[in-house]
Amino acid sequence: MDFTNTGLEELAVSLTDLEEIAKRYDLVLAGQWDYERVTFDKKYTVSEGIYYLRVYGLTPTGDVGKDEAIIEFITPQLGKHYYPHGVEYGEDEIYPAFVVNDSKKTLAGLVKDLQAFNVKK
C-alpha cells in the first residue's frame with residue numbers, strides 16, 4: 001500500500017536530523033542503508049500478521065555514510081511480511097484498520113517534525 005501526498009516528497013533533511021526524529025515515531029534504520037539509500041521501518045505485530053511501514057530516502061550526493069548526507073524521500077509503503085519470502089506491498093493485501101490509521105498518524109507527525117529541518121527549496 002502506497003501512502004501518497006504525505007508531504008514527505010517535498011522535504012529534504014540531513015540524515016542526522018532524520019535519525020533523531022524518526023526515533024520518536026518508532027521508525028528504525030537498523031542496517032537498512034547502502035551507498036545512496038536508506039529505509040526506516042516501523043514494525044506492527046498484530047493478530048492478522050506482521051506489517052511494516054517503510055519510509056524510503058535517497059541522497060542526491062550519493063553517500064549516505066557521510067555525516068552531512070541530505071536525504072530526499074520517495075513514496076512510503078505499508079507491506080505485509082510473509083515468512084520466508086519477505087514483505088509484499090500489493091494493493092490486493094488486506095491491511096488492518098489500526099495499522100493503516102497508525103501509519104497515517106506516524107507519517108503526518110514525521111512530516112510535521114521534519115519541516116523545521118527542511119533544506120529543500
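Analyst: To begin with a term, helices (H or I, at least four residues) and strands (E, at least two) are DSSP runs, numbered from the N terminus. Residues are numbered from 1 along each chain as its sequence is written. This is a predicted model, in which local features need pLDDT of at least 70, side-chain atom pairs count only at pLDDT 80 or more, and totals for chains, interfaces and linings use all residues, while side-chain values use heavy atoms, with hydrogens and water left out.

User: What follows α1?

Analyst: After α1 comes D26, which has a positive phi, near 60°.

User: And which residues of helix α1 are buried?

Analyst: Taking buried as under 20% relative accessible area, exposed as over 50% and partly exposed as in between (1.4 Å probe, protein chains only), the buried residues of α1 (residues 15-24) are L15, L18, I21 and A22. Seen down the helix axis, they fall within an arc of 130° (taken from the directions from the axis to the C-beta atoms), so they line one face of α1. On the other side of α1, K23 and R24 are exposed.

User: New topic: how many aromatic pairs are there?

Analyst: There are two, where rings of Phe, Tyr and Trp (its six-membered ring) pair if their centres lie within 6.5 Å, and planes under 30 degrees apart count as stacked, over 60 as edge-to-face and the rest as tilted. The rings of Y44 and F98 have centres 6.3 Å apart and planes at 85°, so this pair is edge-to-face. Y44 belongs to strand β2 (residues 37-46) and F98 to helix α2, 54 residues apart, so the pair links distant parts of the chain.

User: Y44, buried or exposed?

Analyst: Y44 is buried, with a relative accessible area of 5%, whereas F98 is exposed, at 54%.
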